[in-house]
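The sequence and the structure come first.

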Amino acid sequence: MKAGLFQQQTLKMAMTQELTQSIALLQYSTQELSAFLENKMMENPLLSVDEPSSTIFHQGMDRKKRKRTKKDYDSDYWIEQASEDHPSLEAHLLSQVNLQKLTKEEQRAFNLLIQNLDENGYLRVQLDDLCTPSVTFDALQNSLELLQQLEPHGVGARNLQECLWIQAYADAREPLAEMILQDYFLEFANKRWKELSKQLGVSLQDIQRVFDYIQTFNPRPASYFHQEKSTYIVPDVIVEVREGQLFIGDLDGNTPKLSVDKQYFHRMKQHQDKQVKQFVQEKWQEYQWISRGIQQRKETILRVMRCIVEKQPKCFYHGLEYVQPMTMKDVADELEIHESTVSRAVKGKYVQTPFGTIDMRTFFSTSLSSTDYGKDISGLQAKNLLAAAIKTENKKKPLSDQDLVELLQKEHGLVLARRTVGKYREQLGIPSSSKRKRFD
């Protein structure tokens, strides 16, 4: 082949900064978008953010907004601190102890134990590892006994077994529960109850009673003192039924708005310093990129939601039990966009429907064959049928996964593998048949 220079036209996508940013904005949830804009506002002196003052869940609610600037965020921290309305675990425990009655070493040991409790109230550190020249093992042991007498009962336990036993001992209403938790925990937890009943000389009904009693205990006794801050679901889209018709719209008041100080921009453009002029021009261009990205995000989410409604009308009229098989590829093909675009458009997005605020991903489900339904049904419908079958089973003879396979095929023509039934059952949070069995 002769060497030389040739011209050739090719098509390829250039991953520009604007395109990269648009992709990122699309997959942001409303909260993530708000955080992104706040960060940009800190970096860009031209920008300010208009935010709704409250989360909107129903159309027609008050949509008050106020403009937030950088100085507003600097004063937020103390407000958050003032909202803490319950004491810390450490303060709660110390309030129950008269430290003056303890020796200096016992006080040090007690404080050391509290500092090493995890978020659930468990002591995961060995006492030997906590010993210091000023705190002996005996002082730690005595302080641990004191700690385990305090409320919430179960604090200071080294494991789940000890946590439950402490609560049974403090309640003192069920001696059999104390005995089982102290000496037969593994047999009890693994539901080897027939063997356990023979060893203890009690009936299976007695053990069932103990099980129901222990179910009232708290396996995470300190969880109240380590509650995570509430997270709010902010819907991006609303679907309403009006006079028998479905209407789709965006909840524009829920999305933070970006605005720019044009007067400041034009003033700084006249600045004599070239670097200042270049800086402000770059920040103006950044504002335009972000604005276009937010608008594209809104339009894409609406397009995807309209397609979902067109393919799932029964679901929006009657509820989630009517979700039909539909994949992201189905929507992508309909809209002539890439499947990854659909995935980003529904990630972390919610829709306000007549039956609640729903994750947009809920409307996508795999297809399963059912002869009784006359067509394929969704995985969500299969889970609902599975849950209904388990709910109505004889609790003294619960259905195994294989029994459920046969029952679903017989009653609904639904063909599922046993491992699929097991997977769906676990996703529904339903234990195995041996754990569901009752003896009363």
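A charge is taken to sit over a ring if NZ of Lys or CZ of Arg is within 6 Å of the ring centre and within 35 degrees of the ring normal. By that rule Arg 242 lies over the face of Phe 247, at 4.8 Å from the ring centre. The model is a predicted one: local features need pLDDT of at least 70, side-chain atom pairs count only at pLDDT 80 or more, and totals for chains, interfaces and linings use all residues. Residues are numbered from 1 along each chain as its sequence is written, and side-chain values use heavy atoms, with hydrogens and water left out.

**Overall make-up**

- The protein chain has 22 helices and nine strands; helices (H or I, at least four residues) and strands (E, at least two) are DSSP runs, numbered from the N terminus.
- Of the 440 residues in the protein chain, 39% are buried; buried means under 20% relative accessible area, exposed over 50%, and partly exposed in between (1.4 Å probe, protein chains only).
- Among contacts (heavy atoms within 4.5 Å) between residues at least 6 apart in sequence, 63% join residues at least 24 apart.

**Nonpolar cores**

- A nonpolar core is a set of buried Ala, Val, Leu, Ile, Met, Phe, Trp, Tyr and Cys residues joined through side-chain atoms within 4.5 Å.
- The largest such core has 25 residues, and Val 304, Met 305 and Ile 308 have the most contacts inside it.
- Two or more residues of this core come from each of strand S3 (237-242) and helices H15 (274-311), H16 (313-318), H17 (328-335) and H18 (339-346).
- H15 gives the largest share, seven residues.
- Beyond its neighbours within four places in sequence, Met 305 is in contact with Val 237, Val 239, Ile 248, Phe 316, Val 351 and Met 360.
- A second, separate core has 21 residues, including Leu 93, Leu 123, Leu 150 and Ala 222.

- Helix H20 (residues 401-412) has 12 residues and should span 16 Å at 1.5 Å a residue; its end C-alpha atoms are 16 Å apart, which agrees. The expected span is 1.5 Å times one less than the number of residues.
- Asp 401, Leu 404, Val 405 and Leu 408 are buried in H20.
- They cover an arc of only 105° around the axis, which puts them on the same side of H20; the arc is that of the directions from the helix axis to the C-beta atoms.
- Helix H19 (379-391) and helix H21 (418-427) are among what covers the buried residues of H20.
- In helix H10 (residues 175-183), the buried residues are Leu 176, Ala 177, Glu 178, Ile 180 and Leu 181.
- The cover over these H10 residues includes H9, helix H11 (185-189), helix H12 (193-200) and helix H13 (204-214).

**Aromatic rings**

- Rings of Phe, Tyr and Trp (its six-membered ring) pair if their centres lie within 6.5 Å; planes under 30 degrees apart count as stacked, over 60 as edge-to-face and the rest as tilted.
- The count by this rule is 11 aromatic pairs.
- Trp 165 and Tyr 169 have ring centres 5.1 Å apart and planes at 20°, so the pair is stacked.
- Both of these residues lie in helix H9 (residues 160-171), four residues apart, about one turn of the helix.
- Trp 165 is partly exposed at 22% relative accessible area, whereas Tyr 169 counts as exposed at 53%.
- Tyr 213 and Phe 217 have ring centres 5.0 Å apart and planes at 75°, so the pair is edge-to-face; both residues are buried.
- Phe 188, Trp 193, Phe 211 and Phe 439 form one aromatic cluster.
- The charged end of Lys 191 sits over the ring of Trp 193, 4.5 Å from its centre.

**Backbone exceptions**

- Most residues other than glycine have a negative phi, and most peptide bonds are trans.
- The peptide bond from Glu 151 to Pro 152 is cis, with omega near 0°; Pro 152 is in the loop between helix H8 (137-147) and H9.
- Ala 172, in the loop between H9 and H10, is not a glycine but has a positive phi of about 60°.
- Glu 243, also not a glycine, has a positive phi of about 50°.
- Glu 243 is in the loop between S3 and strand S4 (245-250), and is exposed, with a relative accessible area of 84%.
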